[in-house]
Amino acid sequence: MTTAAAQAPSRVQTPNLPPPGPVTPRPKSSRTSSLQSESGPTSKTASADASQTPAQLGGAAARRSARPAFPTTDPLSDKATALLIRRILCPQHIEKAKSAPAPIEELLPPLTSRNDVDLQLYALIAIILREYIQNWYNKITPDETFVAEIVQIIAHITRALEQRLRKVDLESLLFDEIPDLLDKHITAYRIAHDPITQAPIRTNAREIYHSLYPLPALTPVPRPEDPESVAQQAENEVAYRQLLVHAVLAILLPTEDLENGCLTALVGQIFSELIIGNSVANKLSEPWMILEMIIIATRTLGKRKAIEDENPSGRPGKGSSAGRRGLSSVQGLFWMVVHWCFLATSFIRLAFTVLMTTRSLPPRSSHSTAQRKNMVQHEVGPDSGPLKMPVLAFRCWSAISNLIEMDVRMPWLCGALSMVQWVTMTGPGRIAAVDGKLDR
């Protein structure tokens with residue numbers, strides 16, 4: 001029985017099942033398909049690399065490493081600037097000659113006598129024309145003659161202005177006339193902010209300043225509580241800029257262009273509003289722009305100084321502890337005195353050499369403007385000629401003294417320098433007089 005029971009299961013027959021059909025594949029998840037799609041190109045690349053020789057692999061790697069990852073063109077380079085000028089001011093030449101374009105000097109009229117200055121000026125003109133002229137003119141007509149005429153007029157103005165600037169006495173302008181205006185401005189500003197009366201009858205400082213030196217472009221004094229004064233001052237400033245530009249255009253423009261009212265109005269609007277109004281008055285004269293330029297200049301100078309102070313040889317720098325100990329010692333003091341003696345000797349030698357060589361120098365040239373000549377002829381006489389002023393009598397020295405308040409802080413130094421100035425100009429030898437040894 002036991003044996004039969006044990007063998008019973010082996011005699012049980014399974015039911016007849018149909019034969020297995022084709023197996024349907026189970027859909028795979030998105031993660032598996034993404035993995036396979038990522039592994040596909042890798043496997044193909046691996047098989048392609050395996051079929052190449054080592055020399056071919058090295059050449060391909062070299063080509064991949066030599067290919068730049070990012071464009072290396074500097075947007076502020078001369079090449080990018082020239083491309084901007086071609087695209088805006090002379091697009092017809094780009095369409096005609098795409099393979100070998102002609103240089104900009106041959107396509108556009110010269111603005112000044114230097115090509116590098118012309119490149120930067122044409123970039124500024126191109127940006128102004130693109131932003132304020134072409135954005136509405138291209139909607140009217142595709143003709144480029146109007147823009148070319150504006151460029152020709154601007155080129156004529158800049159060339160005439162350069163020729164007139166060459167006849168200006170720059171040393172008198174920079175060291176006498178402009179410092180004189182600065183000195184008067186400083187004096188009026190201090191008087192306006194330090195009145196005789198005290199609160200509560202103290203008046204506005206700007207009103208005191210404008211009463212001393214009235215300026216048509218800045219009158220009336222704008223008050224925040226009076227919107228009409230602000231609007232009237234803005235209108236007067238716009239009118240003053242336009243009158244100033246039209247007076248300059250009347251001198252610089254040729255006669256046939258000056259008779260064209262549309263041209264003078266458009267060019268005058270470009271110079272008065274876009275250049276003087278927006279660029280100079282609203283941006284360059286703002287305190288934040290001045291501070292930004294000062295910060296950029298100090299950063300540039302700081303970087304240069306840091307690069308110059310780097311000492312790759314590993315020697316101790318100027319601020320090291322060893323240098324400080326050396327300066328504090330007796331030996332450091334001795335070498336410091338020696339260095340100062342050498343410096344004083346070199347200065348005396350240089351001054352003596354300059355005084356000896358001034359005899360062979362030509363007289364100092366004197367270029368005066370027409371207004372100054374007329375003033376001298378009315379005051380002195382028609383036969384006296386233009387007024388010549390020695391260098392030590394320029395207004396820049398008194399302006400510097402007034403700016404640092406030398407007469408208040410150090411009156412003894414101010415008096416001593418004034419005495420030295422008077423002796424050198426009127427004393428024996430007159431070495432600082434007109435065409436003297438120091439004046440040359």
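Let me start with α7, whose 18 residues should span 26 Å at 1.5 Å a residue, and whose end C-alpha atoms are 25 Å apart, which agrees; the expected span here is 1.5 Å times one less than the number of residues, and helices are DSSP runs of H or I, at least four residues, numbered from the N terminus. This is a predicted model, in which local features need pLDDT of at least 70 and side-chain atom pairs count only at pLDDT 80 or more, while totals for chains, interfaces and linings use all residues. Residues are numbered from 1 along each chain as its sequence is written, and side-chain values use heavy atoms, with hydrogens and water left out.

Among the buried residues of α7 are Asp-118, Tyr-122 and Leu-129, buried meaning under 20% relative accessible area with a 1.4 Å probe, protein chains only. The buried residues of this helix pack against α4, α6, α8, α9 and α14. Leaving out residues up to four places away in sequence, Tyr-122 touches Ile-85, Leu-89 and Val-151, among others, where contact means heavy atoms within 4.5 Å.

Tyr-122 is also one of the residues touching the most other members of the largest nonpolar core, which has 33 residues; such a core is a set of buried Ala, Val, Leu, Ile, Met, Phe, Trp, Tyr and Cys residues joined through side-chain atoms within 4.5 Å. The largest share of this core, 8 residues, comes from α9.

As for confidence, the chain averages a pLDDT of 74, pLDDT being the predictor's confidence in each residue, from 0 to 100.

Key:
Buried < 20%, exposed > 50% of the residue type's maximum accessible area, 1.4 Å probe, protein only. Helix = DSSP H or I, 4+ residues; strand = E, 2+ residues; numbered from the N terminus.
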